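Dear colleague,

Please find below the structure that I am handing over to you. My notes on it follow directly after.

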Amino acid sequence: MKKTVTYFIMIVSLIFLVYFSINIGNYHIPPSKILSIIFSSVTKTPFDSNISEYEKIIVLNLRMPRIIMVLLVGAGLAVCGAASQGIFRNPLVSPFILGVSSGASLGAALAIVFLSKLPHSIDICAGIGGAIAVTAAFLTARKPDGSIPRLSLVLAGTIISSLFSSLTGIVKYIADSETQLPAITFWMMGSFGSVSWETLDIITWIIPINIILMIIFAWQLNVLSLGDKEATLLGMNIKRWKIIYIYFIVSTIGICVARTGTIGWVGLVIPHIGRAIVGPNHRSLLPMVALIGAAFMLISDNIARGLTTGEIPVGIITALIGTPFFIYYLRKKEASVWN
Amino acid sequence: MELNTNECILSVDNLHFTYPRSKNEVLRGVSCEIKKGERVAILGSNGAGKSTFFNLITGLITDYKGSIKLKGKEINSMSRNDIAQIISFVPQKHEPMFPFSVKDFILMGRYSKIDALGNPSKEDMEAVVRAAEETGAIRYFDRPYNELSGGEIQLSIIARALAQETEVIILDEPNNHLDFKNQFTVFNLICDISKKRNVTLIMSLHNPNDVLLFSDKAIVFNNGVVAANGDVSQILNLKLLSDVFGVNAVCIEQNGYKAFLPHSLA
């Protein structure tokens, strides 16, 4: 019962937050006009005569798709973070720390420079790059007996991230400094600035589908988080479920990175907040994490586009909020997390 | 005696095993049989091959020579789910990564019976509650796992194994991390439940006195072979302790109880 109330409060707050976010922007549009624009567009009735074409475009073609993308990416990054912490039974990992994001970045940078003519090349290359990076981190940390020490995995992820970042550096070095380099650089900082209805294509909808599937099978994460030996002896085919979840994570992160660049800290921090609210059972944790992740990303993006007349890359905001929180968490739980 | 007590659950025949990239054969021709409802202690010094034997009879290692039959079926031809229907396992120690509630934790024992989404049926919940009641874990059913004492954790793990409703429970040094009282509590409880449910127990034990108290049969490993196998009262004696463990002991008997007290190295 208590959980249902918590979900209800979260969903209502998220709806208010979405409405609030549509009102934010450099070009001021009165809230009454915004409501009227949304109402007319949803019910397909004629727009009020006092609403200009310009205002319609801002609300419907700029702010709306952007907010939808922010919600999808925020929820996607956070759920992937919770899932990877469960699979690796390690509260210190996230797709970002495992190297998925830097692998996806390298793939996307390569695609921008060499394959820009092929359709969806950024998505596909980001996905492949992410998969290679997480496999490399996994193999680096794995001991001969198959176990993966908690800190080794964090360290291996850091090493692999560093390697992939330097490779991305080489790609940037050979990129065309007039067109490709600015594209790579701005995109890597993470931003929702260029989102339009065209960016929200069919591939983007893989993100919510993956999120829903991860939530549906969340029970498997509970059992996986007991460790390989115990999960196996309970009757689980651990290889199969690990591959399924790593596929969900890599494809989700790959698409997020391809659409909006690397945005860190969401996948690491949000699952901890979720556990503090609804407990560790992944069946209730994952939906909660999706809601908090979406809300957190929306707040960060509002700050990114509302704080100055220009636009701060949102990855900077999430890091500024995420890092102090994580330091606090580590200090508080130090003993149990590191060992 | 009932007929089904003679049913052979596990039969191991001429089992050989060498770890990959190793020259030492860990198990060198092990044969034994374990019947339904028996409480069997597995004894042996460190490195005698007990852990390897456990990994083999739970199907964690499959590239062995010889034969391991679980209810008449060769174990390396069975799926993980098939094996989990017959064998449940109680590890030495469980390190909780996430603070699941005891209820959620015991429910995971139903993995091999529940659907892929983890929606417990009425039957699943009944099995969980029954296991929690029998072990006393019902008293801290909703508490998070990381707030429990060592004894309570061990009892929750046993409850999880019971919820699995298998014919065999394998326990790997179940008393390793427990205080004097809890060691006794846990063993006593497992034996009671085993008698009540007619469940076979295979326990790896270090202390011969635990073997005397809690098991009817023992299989003693020494250097990868079975050094002794049979009724505890017949095989567990001073000669065995000095041959296998290299310890000289005296045997003390009082009020129908028997205990070994080691006093020097052989």
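In this predicted model, helix 11 of chain A covers residues 238–260 and has 23 residues. At 1.5 Å a residue, a helix of that number of residues should span 33 Å, and the end C-alpha atoms lie 32 Å apart, which agrees. Of the 23 residues, 17 are buried, so helix 11 of chain A is largely enclosed by the rest of the structure. Just after this helix comes A:Gly261, which takes a positive phi of about 80°.

Cysteines come next. How many disulfides are there over all chains? The count is 0. A:Cys80 takes part in no disulfide, and the cysteine sulfur nearest to it, in A:Cys256, is 6.7 Å away. A:Cys80 counts as buried because its relative accessibility is 0%. A:Cys256 is likewise buried, with a relative accessible area of 1%.

I turn now to the charged side chains of chain B. B:Lys36 sits in the loop between strand 2 (25–35) and strand 3 (39–44) of chain B. Is B:Lys36 buried or exposed? With a relative accessible area of 12%, B:Lys36 is buried. Its side chain makes a polar contact of 3.4 Å with the side chain of B:Glu167.

Over all chains, the structure holds 21 salt bridges. One of them joins the side chains of B:Asp216 and B:Arg39, at 3.4 Å from N to O. This pair links distant parts of the chain, 177 residues apart: B:Asp216 is in the loop between helix 7 (208–214) and strand 9 (217–222) of chain B, while B:Arg39 belongs to strand 3 of chain B.

B:Lys122 is exposed, with a relative accessible area of 67%, whereas B:Glu126 is partly exposed at 41%.

B:Glu152 and B:Arg143 also form a salt bridge, with their closest N and O atoms 3.6 Å apart. B:Arg143 counts as partly exposed, at 33% relative accessibility. In chain A, salt bridges that share partners join A:Arg66, A:Asp301, A:Arg305 and A:Glu311 into one network.

The interface between the two chains may be of particular interest to you. Here 27 residues of chain A are in contact with 32 residues of chain B. The area buried between the chains is about 2600 Å², and carbon and sulfur atoms give 65% of that area. Which residues of chain A lose the most area to chain B? They are A:Trp219, A:Leu233 and A:Leu234, which together account for 29% of what the chain A side buries.

As to polar links, 7 residue pairs are in polar contact between chain A and chain B. The rule for salt bridges finds 1 across this interface. A salt bridge joins B:Arg160 to A:Glu230, with the closest N and O atoms 2.8 Å apart. On the side of chain A that touches chain B, helix 3 (53–87), helix 9 (218–224), helix 10 (228–233) and helix 13 (282–306) each supply at least two residues.

Finally, A:Leu226 is placed in the loop between helix 9 and helix 10 of chain A. At 4% relative accessibility, A:Leu226 counts as buried. Leaving aside neighbours within four places in sequence, A:Leu226 is in contact with A:Arg89 and A:Leu234, and also with B:His94, B:Phe105, B:Met108 and B:Arg160. A:Leu226 and A:Asn237 are 11 residues apart in sequence, with their C-alpha atoms 13 Å apart in space.

With kind regards

Notes: Residues numbered from 1 in each chain as written. Chains lettered and ligands numbered in written order. Predicted model: local features only at pLDDT ≥ 70, side-chain atom pairs only at ≥ 80, totals over all residues. Heavy atoms only, no water. Helix = DSSP H or I, 4+ residues; strand = E, 2+ residues; numbered from the N terminus. Expected span 1.5 Å × (residues − 1). Buried < 20%, exposed > 50% of the residue type's maximum accessible area, 1.4 Å probe, protein only. Disulfide = S-S within 2.5 Å. Polar contact = N/O pair within 3.5 Å; in protein donor to acceptor, adjacent residues only side chain to side chain. Salt bridge = Lys/Arg side-chain N within 4 Å of Asp/Glu carboxyl O. Contact = heavy atoms within 4.5 Å. Buried area = accessible area lost by both parts, 1.4 Å probe.
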